[in-house]
Amino acid sequence: MDLRQLAALAAVADAGSFSAAARRLHTVQSNVSTHVARLERELGATLVDRGTGSLTDEGEAVVARARRITHEIESLRSDVESMLHEVSGAVRLGCIGTVGRWLVPRLLEAMAERHPLVDVVIVDATTTSLVPQVVSESLDLAIINLPLAPGELATEPLFDEDRIVLAPLGHPLAAHARVALADLAEHALLLEPRGTAFRDELDEQAARVGVTMRPQAQIDGIRLLTSLAFEGFGPAVVPSTAAPPWYEAACRRVEVEGLAPRTVGLATPRRVRLSAPARAVRAVVRDLVAATDQEGVRVTLGG
């Protein structure tokens with residue numbers, strides 16, 4: 001078994017066929033077929049269904065580990081290069097949109113100044129989308145909503161931020177600067193769907209005071225919830241940093257008494273040592289969070 005065989009199988013998984021995999025690897029189809037066939041003989045299993053080009057269950061298992069092996073080799077090279085010279089290499093950072101809006105510009109600026117040889121790729125997505133990408137190690141680390149269920153990821157808190165309501169001007173909630181949690185039950189709200197940390201925590205807090213949240217719509221994406229509120233679709237329950245400085249032109253920021261904050265943190269693979277470039281990104285993220293002055297945000301970084 002060698003790396004060329006694993007790379008060939010991963011390329012077939014990504015491209016969907018042997019010919020497309022060959023183009024991706026800048027080689028001929030016969031080379032890809034030969035590498036995969038040798039790997040199959042060595043493992044004693046069919047890894048690719050030749051009729052459809054899709055991976056078998058055994059193939060999926062092999063590719064999952066092949067990606068981890070490739071990631072570790074890339075990290076090894078980056079670590080050694082960083083020890084001998086300046087920190088360099090690629091890092092894939094996932095980030096939820098509401099945090100990315102204010103953090104990513106500062107992060108890219110700081111990385112360009114401190115670590116100009118590090119290539120940072122930002123993936124903007126929801127927590128439910130980012131978590132499996134960190135588990136599969138297609139992302140090195142991600143800034144997400146916490147808590148997570150116990151599993152393959154290690155997490156560290158970055159900050160807590162208030163949950164608020166963004167109410168379109170003209171909506172009854174917009175007449176108030178502050179309301180009680182029980183008051184929200186009187187209105188249909190734009191909410192994250194059940195099963196997300198943000199929504200589940202909201203429902204748990206509401207249940208404690210005998211309140212049930214009534215959704216007008218359920219959207220897995222805080223930025224889209226915020227946009228819908230700006231467009232006048234309805235009031236949205238969102239974190240404090242979801243409201244940009246210009247929100248007052250379309251919405252009223254309404255504080256909610258008795259509503260606990262959400263926690264945002266960093267997630268990394270539990271069983272994998274971060275590469276030197278990824279550790280550099282993590283350090284810069286921590287520094288930027290420690291220095292933030294975002295409204296409604298309380299830094300919770302450890303030592």
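Contact here means heavy atoms within 4.5 Å. Under that definition, and not counting residues up to four places away in sequence, Thr263 touches Ile144, Asn145, Leu146, Pro157, Phe159 and Asp160. Thr263 is placed in strand S11 (residues 262–269); helices (H or I, at least four residues) and strands (E, at least two) are DSSP runs, numbered from the N terminus. With a relative accessible area of 22%, Thr263 is partly exposed, where buried means under 20% relative accessible area, exposed over 50%, and partly exposed in between (1.4 Å probe, protein chains only). Thr263 and Leu224 are 39 residues apart in sequence, and their C-alpha atoms are 19 Å apart in space.

## Model and overall figures

This is a predicted model in which local features need pLDDT of at least 70 and side-chain atom pairs count only at pLDDT 80 or more, while totals for chains, interfaces and linings use all residues. Residues are numbered from 1 along each chain as its sequence is written, and side-chain values use heavy atoms, with hydrogens and water left out.

The predictor's confidence in each residue, pLDDT, runs from 0 to 100. The protein chain averages a pLDDT of 88, and 95% of the residues score at least 70. Confidence is lowest in helix H4 (residues 57–84), with a mean of 74, and highest in strand S7 (residues 188–191), at 96.

The protein chain has nine helices and twelve strands. Its C-alpha atoms fill a box of roughly 70 × 45 × 35 Å, taken along the principal axes. Of the 303 residues, 47% count as buried. Among the contacts with a separation of 6 or more, 74% come from residues 24 or more positions apart.

A search of the whole structure finds zero disulfides, a disulfide being a pair of cysteine sulfur atoms within 2.5 Å. Cys95 counts as buried because its relative accessibility is 2%. Cys251 also has 2% relative accessibility and therefore counts as buried.

Axes are lines fitted to C-alpha atoms, for helices over the stretch in contact, and angles run from 0 to 180 degrees between N-to-C directions. Angles under 35 degrees count as roughly parallel, over 145 as roughly antiparallel, 65 to 115 as roughly perpendicular and the rest as oblique.

The axes of helix H2 (residues 18–25) and helix H3 (residues 29–43) come within 8 Å and cross at roughly 105°. H2 and H3 are therefore roughly perpendicular to each other. On the H2 side the contact is made by Phe18, Ser19, Ala21, Ala22 and Leu25, and on the H3 side by Gln29, Val32, Ser33 and Val36. By class, this contact has six nonpolar, three polar and no charged residues. For these classes, Ala, Val, Leu, Ile, Met, Phe, Trp, Tyr, Cys and Pro count as nonpolar, Asp, Glu, Lys and Arg as charged, and the others, Gly among them, as polar.

The buried residues of H2 are Phe18, Ala20, Ala21 and Ala22. These residues pack against helix H1 (3–15) and H3. His26 follows H2, and its phi is positive, near 60°.

The axes of H1 and H3 also come within 8 Å, crossing at roughly 110°. That makes H1 roughly perpendicular to H3. Here Arg4, Gln5, Leu6, Ala8, Leu9 and Val12 of H1 meet Val32, His35, Val36, Arg38, Leu39 and Glu42 of H3. The H1 and H3 contact has seven nonpolar, two polar and three charged residues.

## The start of the chain

Met1 lies in the segment before H1. At 52% relative accessibility, Met1 counts as exposed. Leaving aside neighbours within four places in sequence, Met1 is in contact with Leu6, Leu39, Glu42 and Leu43.

Leu3 lies in helix H1 and is partly exposed, with a relative accessible area of 46%. With neighbours within four places in sequence again left aside, Leu3 is in contact with Ile69 and Ile73.

| Pair | Sequence separation | C-alpha to C-alpha distance |
|---|---|---|
| Met1 and His35 | 34 residues | 9.3 Å |
| Thr263 and Leu224 | 39 residues | 19 Å |
| Leu3 and Leu191 | 188 residues | 46 Å |
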